Amino acid sequence: INADIREDVGADMVFDCVIGIPFPNGYFDAVLLDNLIEHLRSEDAIALINSVDRVLKVGGTARVIEPHFQSQGAVQDWTHKSFWSPRNFLYANQRVTPFGGRAIGITANLVAVEGPTVYGDMATEAFITVLLRKEPL
């Protein structure tokens, strides 16, 4: 199911993922967030990660692809509202870091199983990709 906030891109569904993902708990085996999170404010990115966790089955995965904050591609797009490093994904789990997780509102239980990996050219566009798996609470 391809979803987008814009009606003009031919997505299967149109909705605002910041408000929530309109699927039941544990609905998906896999979710792809491809160049999405950088368009959200940090607090909205937290809400999205929590929603992704909610709609994933235990053992399900979320592939995330984001521009690396040191890449010119991260700052060239005026609609980017947050900037990402490979270490950001440590915070996708409510228990992992003393200053992240629950302390910043994460209820998700997502753990990196591949990556984060950086690819591309920092002088133009470099990206981070990570595969997160939903762990049981």
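Analyst: Contact means heavy atoms within 4.5 Å. In this protein, residues 24 or more positions apart account for 60% of the contacts with a separation of 6 or more. This is a predicted model, in which local features need pLDDT of at least 70, side-chain atom pairs count only at pLDDT 80 or more, and totals for chains, interfaces and linings use all residues. Residues are numbered from 1 along each chain as its sequence is written, and side-chain values use heavy atoms, with hydrogens and water left out.

User: In what order do the elements run from the N terminus on?

Analyst: Helices (H or I, at least four residues) and strands (E, at least two) are DSSP runs, numbered from the N terminus. Here the order is β-β-β-α-β-α-β-β, with 2 helices and 6 strands.

User: Which residues have the most contacts inside the largest nonpolar core?

Analyst: In soluble globular proteins, nonpolar side chains tend to be buried together. A nonpolar core is a set of buried Ala, Val, Leu, Ile, Met, Phe, Trp, Tyr and Cys residues joined through side-chain atoms within 4.5 Å. Buried means under 20% relative accessible area, exposed over 50%, and partly exposed in between (1.4 Å probe, protein chains only). The largest core here has 27 residues, and Ile37, Leu48, Val52 and Leu132 have the most contacts inside it. Strand S3 (28-34), helix H1 (42-55), strand S4 (56-67) and strand S6 (126-134) each give two or more residues to this core; the largest share, 6 residues, comes from H1. Beyond its neighbours within four places in sequence, Val52 touches Ile21, Val31, Leu33 and Ala62.

User: How many salt bridges are there, and which residues are linked in a network of them?

Analyst: Side chains of opposite charge can pair when their charged atoms come close. A salt bridge is a side-chain nitrogen of Lys or Arg within 4 Å of a carboxyl oxygen of Asp or Glu. The count is 7. Arg41, Glu43 and Asp44 form a network: Arg41 pairs with Glu43 at 2.8 Å, N to O, and with Asp44 at 3.1 Å. At 15% relative accessibility Asp44 counts as buried, whereas Glu43 is partly exposed at 45%.

User: Are lysine 134 and aspartate 53 buried or exposed?

Analyst: Both lysine 134 and aspartate 53 are buried. Their salt bridge has its closest N and O atoms 3.9 Å apart. This pair links distant parts of the chain, with lysine 134 in strand S6 and aspartate 53 in helix H1, 81 residues apart.
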